[in-house]
Amino acid sequence: MRLTSWFVAVIVVAWTHGAAAAYPEFQFSTGTTRCSECHFSPVGGGLINDYGRDEAATTISGTGDGRFMHGALELPSWFALGADVRIAGLGKRIRDGSEAAVFPMQADGYARVVRGNWSASITAGILAAIRKPQPFADRLGTREHYVQYQTTSREWYARAGRFFPTFGLRLPDHTAYVRRYTGLHTLEESYGIGAGVAKDTWEAHATVLTPLELRPQVGRHGWGIALQVEKLTDEVGSWSLQGKTLRHDDGRESWVGGTWKRWVASKDLLVAAELNAGVSELVASSVLVSQLVGYAAVHYRAGKPWGVALATHYHDADLRLRSNERSALEARFAWFPRAHFELSALVRGAAVAFELERGDVLGFLQLHYYL
Amino acid sequence: MRVLVTIIAAAACTDPPPAEWGYVYATVIAPSCTTSACHSTLSAAGSLDLHDASAAYQALTGRSCDDATSPVAGYVDPEEPTRSILSTRLRLPGPMGMPPNGRLSTTEIQRIEAWMRDGAGCD
């Protein structure tokens with residue numbers, strides 16, 4: 001019994017801390033071409049703006065009032081609030097055993113204050129560490145907070161604070177290999193300075209990463225830089241090139257790669273892919289370690305309040321090691337019955353060295369409400 | 001460009017990877033064990049904080065990287081690596097094995113055991 005309870009705790013925390021993020025499948029498929037059309041953040045994710053709230057009610061769900069508190073409270077134009085709450089259920093089958101759990105996945109609040117071209121944004125909530133007994137106050141924290149300057153035309157921006165560097169597809173699922181293995185897993189945001197520009201057919205983003213830690217942080221932090229340049233193609237797709245390098249206590253890690261997205265309107269399909277190659281130089285070793293991580297997905301969205309997707313993940317932590325690869329295949333379903341509500345399900349089968357014997361099968365159900 | 005050249009060279013390389021702590025930590029422990037809900041400083045599951053190479057070395061072996069004289073203990077057993085606590089947990093089938101999500105490959109576990117067999121140094 002004790003072991004069972006412990007395992008439930010393990011799988012619970014393994015899926016907690018889910019951060020609110022953009023849904024890349026809405027890009028192009030809903031007529032929008034940029035993340036910043038629906039999000040306050042110039043690179044997407046987090047609090048959605050008035051247009052995004054309206055789109056959630058009309059284009060995506062087709063019903064409901066997407067405004068803050070369903071329109072019951074109107075905030076001044078210089079002030080925006082929001083919240084995300086997610087409850088999840090998870091079942092897992094691994095060799096010689098299976099388990100299930102229901103758990104709170106996310107409880108975050110958002111605030112944004114604007115004065116002229118300046119704004120300050122914060123995401124704060126419960127950063128549960130449920131395997132480590134802590135006073136409730138110690139469980140509270142802020143995953144993202146920054147001050148930003150943006151030109152009136154919204155073409156240029158610069159921001160300073162704690163946030164993820166702009167890199168890759170920016171998937172909402174922090175367990176996606178292209179996030180997990182490139183230093184973008186949940187709560188791994190860094191303090192840094194970012195800047196970017198968005199033109200009609202392209203945009204570029206740069207982030208300088210710093211080793212600053214105000215509280216013990218998750219992941220590796222140090223001096224580094226991340227760059228991404230994205231080119232829009234005929235308003236139905238995009239491709240990007242990206243790079244990231246980080247010097248931390250154990251060495252230096254560098255990634256180069258790219259993304260590709262294409263909306264095939266005749267089939268109601270959005271195809272998206274990301275591939276990154278990495279090299280780690282280790283302080284304690286003369287060895288260079290090379291890695292490869294990839295993701296590909298096909299989303300079906302036919303203008304309905306639901307969508308399905310098939311996706312595959314791949315990661316090789318050291319190309320010199322044979323029988324070392326991790327891969328996974330997953331099916332996802334998301335239903336947006338009315339504005340503010342989402343019900344999603346995922347089934348993922350993962351393999352090690354393409355053998356299911358050391359892999360697992362995961363079923364995941366999530367109820368998401370945003371204020 | 002340098003990254004791409006290194007990757008191509010590494011992919012063609014057939015030398016066995018080193019049985020060194022720095023390698024084991026960077027390629028196996030860090031990516032598989034130190035996410036926010038697991039053995040990060042934030043969660044320190046099982047009171048085990050593996051957030052960087054030296055902290056992880058001390059937590060797993062019971063001695064610091066600066067201490068080459070104290071015997072290695074704790075989760076590591078250089079005499080019988082396959083019977084060490086670390087190896088046992090990594091090889092354990094079912095949901096109690098580690099990591100609970102994304103199990104290690106046999107070659108990765110063998111690399112950890114090779115490091116133990118070579119004395120479990122902090123190199």
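Is A:Arg320 buried or exposed, and what is its relative accessible area? A:Arg320 is buried, with a relative accessible area of 15%, where buried means under 20% relative accessible area, exposed over 50% and partly exposed in between, for a 1.4 Å probe and protein chains only.

This is a predicted model, in which local features need pLDDT of at least 70 and side-chain atom pairs count only at pLDDT 80 or more, while totals for chains, interfaces and linings use all residues. Residues are numbered from 1 along each chain as its sequence is written, chains are lettered from A and ligands numbered from 1 in the order in which they are written, and side-chain values use heavy atoms, with hydrogens and water left out.

## Two sites in chain A

A:Arg320 is placed in the loop between strand 13 (306-316) and strand 14 (326-335) of chain A; helices (H or I, at least four residues) and strands (E, at least two) are DSSP runs, numbered from the N terminus. Between A:Arg320 and A:Val178, which are 142 residues apart along the chain, the C-alpha separation is 20 Å.

A:Ser280 belongs to strand 11 (residues 269-282) of chain A. With 7% relative accessibility, A:Ser280 counts as buried. Residues up to four places away in sequence not counted, A:Ser280 touches A:Arg252, A:Glu253, A:Val287, A:Leu288, A:Val289 and A:Gln291, contact meaning heavy atoms within 4.5 Å.

Chain B has 5 helices and 0 strands, and its elements run α-α-α-α-α from the N terminus on. Of its 123 residues, 57% count as buried. Among the contacts in chain B between residues at least 6 apart in sequence, 44% join residues at least 24 apart.

The largest nonpolar core has 24 residues, and those with the most contacts inside it are B:Trp21, B:Ile29, B:Val76, B:Ile112 and B:Trp115. Such a core is a set of buried Ala, Val, Leu, Ile, Met, Phe, Trp, Tyr and Cys residues joined through side-chain atoms within 4.5 Å. Two or more residues of this core come from each of helix 2 (21-33), helix 3 (53-61), helix 4 (85-91) and helix 5 (106-117) of chain B. Helix 2 of chain B gives the most, with 7 residues. Apart from this core lies another, of 17 residues, among them A:Leu171, A:Ala176, A:Ala297 and A:Ala328.

When neighbours within four places in sequence are left aside, the contacts of B:Trp21 include B:Ile29, B:Ala53, B:Tyr57, B:Leu60, B:Trp115 and B:Cys122.

## Packing of helix 2 against helix 5

The axes of helix 2 and helix 5 of chain B come within 10 Å and cross at roughly 155 degrees. Axes here are lines fitted to C-alpha atoms, for helices over the stretch in contact, with angles from 0 to 180 degrees between N-to-C directions. Helix 2 of chain B is therefore roughly antiparallel to helix 5 of chain B, a label for angles over 145 degrees, whereas those under 35 count as roughly parallel, 65 to 115 as roughly perpendicular and the rest as oblique.

The crossing of helix 2 and helix 5 of chain B is left-handed, meaning that the near helix is turned anticlockwise from the far one by less than a right angle. On the side of helix 2 of chain B, B:Trp21, B:Tyr23, B:Val24, B:Thr27, B:Val28 and B:Ile29 meet B:Glu108, B:Arg111, B:Ile112 and B:Trp115 in helix 5 of chain B.

## Cysteines

The structure holds 1 disulfide over all chains, a disulfide being a pair of cysteine sulfur atoms within 2.5 Å. B:Cys65 and B:Cys122 form this bond, with their sulfur atoms 1.8 Å apart. The torsion about their S-S bond is about 50 degrees, so the disulfide is right-handed. B:Cys65 lies in the loop between helix 3 and helix 4 of chain B and B:Cys122 in the segment after helix 5 of chain B, so the pair ties together parts that are 57 residues apart in sequence.

In chain A, the sulfur of A:Cys35 is 8.9 Å from the closest cysteine sulfur, in A:Cys38, too far for a bond.

| Cysteine | Relative accessible area | Class |
|---|---|---|
| B:Cys65 | 31% | partly exposed |
| B:Cys122 | 28% | partly exposed |
| A:Cys35 | 23% | partly exposed |
| A:Cys38 | 17% | buried |

## The site of B:Pro78

B:Pro78 is also placed in the loop between helix 3 and helix 4 of chain B, and counts as partly exposed at 22% relative accessibility. Neighbours within four places in sequence aside, B:Pro78 is in contact with B:Val72, B:Met116, B:Arg117, B:Gly119 and B:Ala120. The C-alpha atoms of B:Pro78 and B:Gly121 are separated by 9.8 Å, at 43 residues apart along the chain.
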